[in-house]
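I open this notebook to record what I looked up in the structure shown below. The entries follow the order in which I consulted it.

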There are 2 protein chains.
Amino acid sequence: MSDQITIALDAMGGDDAPHIVVAGANIARRRHPNVRFVLFGDETELAARVAKQRGLREFVEIRDAPEGVAADAKPSQVVRSGQETSMWRAIDAVKAGDADGVVSAGNTGALLAMAMLVLKRLPGIDRPAIASFFPTQRGETVMLDLGANIRCNERNLVEFSIMGEVFARTILGIGNPTIGLLNVGEEETKGNDALKDAAQMLRELDLPGEFVGFVEGDDIPAGAVDVVVTDGFTGNVALKTAEGTAKLINAFVRETFRNSFWAKIGYIFAKRSFDKLRNRSDPRRYNGAMFLGLDGVCVKSHGGTDAVGFATAIGVAIDMVKYGGNASLKTTVERLDLESLRPQAVADS
Amino acid sequence: MSDQITIALDAMGGDDAPHIVVAGANIARRRHPNVRFVLFGDETELAARVAKQRGLREFVEIRDAPEGVAADAKPSQVVRSGQETSMWRAIDAVKAGDADGVVSAGNTGALLAMAMLVLKRLPGIDRPAIASFFPTQRGETVMLDLGANIRCNERNLVEFSIMGEVFARTILGIGNPTIGLLNVGEEETKGNDALKDAAQMLRELDLPGEFVGFVEGDDIPAGAVDVVVTDGFTGNVALKTAEGTAKLINAFVRETFRNSFWAKIGYIFAKRSFDKLRNRSDPRRYNGAMFLGLDGVCVKSHGGTDAVGFATAIGVAIDMVKYGGNASLKTTVERLDLESLRPQAVADS
């Protein structure tokens, strides 16, 4: 079938791999018709695990790649000597045209370094970025960069805005996404030069989506914009702070239900509604960070997720392929002629 | 009495000034014996408002300074022409020795600019910083800088660590505070050069408190350390993201209690416990950001707070004076000879 999608899976990456990968593939297969998988990992083990997943066998091909990438391996080392790892071979399957996208729950730095080396950047993109989405007061918001680039110049931030817009449109299905640059105030005079220059460029460019200017930290959970653009340092800190705060408040709420007899009774009545709330803000529903700006679809799953979460990450890769996210990004970048935007400062990573 | 403390109050700053200032002073006066206030604002109005607060009259002196600083005034402009404002005059009272500290709920940028100009920096301090504290899983944590310095070099971060330690000890009463540098990973190789160099210096210096290395965004709400040190850009974003996320989850919880008949019944039983939770995480209990590194005690209250919150900010100023926070900071800075730590890069603000 012409609309068949093939996803390469690194079956050796993640705290509970290969179980979550194989079981996750079986969940994803039911959710997404016309999807097949190429599994990279220990052939014998994978065959046994696939056999245990009802109905999965005919949707997967297994390729033997028993070598995994250690969770604490240095990216610089892995790119030199990791060609036989399951991670590298899964990425390589995309490059070779055997798969349309790749998903891994392994070492983030290694995955990014390998993906950049093997898949290369999309023409016109200077710096790929890590993007993800999470629940907010108004729905869902995309944020990038989440850690690929520690320091960014104005050109990088403009690229991230374009990439984030495509991601919001492709994965969240938002028609005309609003975009904000993360800053310490909304006034035009706030922030460093890269932010001010990026804002100026974004106002002048004929962007897809709608650039609304600067946003602040509390605008992220409020869902003030569909796409929050920032450097990888700030994005990483903001994302982890938000996750940690959500965990803190949830712990406070659990504790509150336990701290008196009457509160415990109250919980019995309210339990069903709180179960729904837990389901709505379940981190497994927001799993899957996309490496945007590469010439290929590469999605990073959280390492500690389970099969349900891994299936969500597979879904992100499938949607990027199905709705042509990268093709759309390429067209936009060509039209805007980003090469003409010369960065005034050299950014380091 | 020798241990009497006098606090200057900018009665014209804040969304609901002068009401919150006068009523806040009356709450603080009951909480802290031996405290007196000098109120700067419209004399007639203040006299009428003070008269309405039972028992406050004998604890306050009113000085006429009817001119306020606009919430959107530019700091650069205010420092040139704002000498007659209530904010300037309140700061000046500290400089003149008429007060031991000053509290304002007005324009943050203006307050910081004026305080730096009038009070000057403590000897040996290169960059003052804004510090505040908030609830975490393990108690309370101090974070700085929250926005005074957009970019920081290693010397600034070392200073912030020393200042944060003093603040945690003085205001939270923590014996030997642990200190962490905010980064995107805990490994020594993570982050930019300023962070790596600051970590190196902090390991080598004979600091008060205990430097534990790098911490990440989720360590802030987890309370992994007593003092989180970061540049003003990242600190501002992290604080606002945490506040916004707490608001989001609380909204989800409120909604959950409303979304079914049984949940509403549950709320009736659990209400008392949730009221206690609300009280525990009440932002008014954590109001009062200290400008550390100045030769004088200057506390910024949230502009939107009420009298109870303003009284908390007054309490921060009182504790800094009472427990000799600045004297302790001065001694530490002299002992460590920070001047010998030459910054390798020039930071801008």
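Entry 1, conventions. I take two strands as paired if DSSP finds at least two bridges between them. Helices (H or I, at least four residues) and strands (E, at least two) are DSSP runs, numbered from the N terminus. The model is predicted: local features need pLDDT of at least 70, side-chain atom pairs count only at pLDDT 80 or more, and totals for chains, interfaces and linings use all residues. Residues are numbered from 1 along each chain as its sequence is written, while chains are lettered from A and ligands numbered from 1 in the order in which they are written.

Entry 2, a hairpin in chain B. I looked up E10(B) and E11(B), and found that they form a hairpin with 4 residues between them. In the turn, Gly293(B) has a positive phi of about 100°. The two strands, E10 (residues 289-292) and E11 (residues 297-300), run antiparallel and are joined by 2 bridges. Ala289(B) stands opposite Lys300(B) in E11(B). Strand E5 (residues 129-136) of chain B also pairs with E10(B), in the antiparallel sense over 3 bridges, and Ala129(B) has Leu292(B) as its bridge partner there.

I then asked which residues cover the two faces of E10(B). Ala289(B) and Phe291(B) lie on one side, Met290(B) and Leu292(B) on the other, and all are buried. I count a residue as buried if 20 or more other C-beta atoms lie within 10 Å of its own, exposed if 12 or fewer, and partly exposed in between, with C-beta atoms placed from the backbone.

The 11 strands form an open sheet in the order E3-E2-E1-E4-E11-E10-E5-E6-E9-E7-E8, with mixed pairing. Its edge strands are E3 (60-64) and E8 (210-215) of chain B, each pairing on one side only. The twist averages 25° from one strand to the next. Strands E1 (residues 5-10) and E4 (residues 101-104) of chain B pair in the parallel sense over 4 bridges; Leu9(B) stands opposite Val103(B) in E4(B).

Helix H7 (residues 193-204) of chain B lies across E7 (178-182) and E8 of chain B, running at about 160° to E8(B). For such values, axes are lines fitted to C-alpha atoms, for helices over the stretch in contact, and angles run from 0 to 180 degrees between N-to-C directions.

Leaving aside residues up to four places away in sequence, Ala313(B) touches Val103(B), Asn287(B), Gly288(B), Val299(B) and Ser301(B); contact requires C-beta atoms, placed from the backbone, to lie within 7 Å.

How values were computed:
Contact = placed C-beta atoms within 7 Å.
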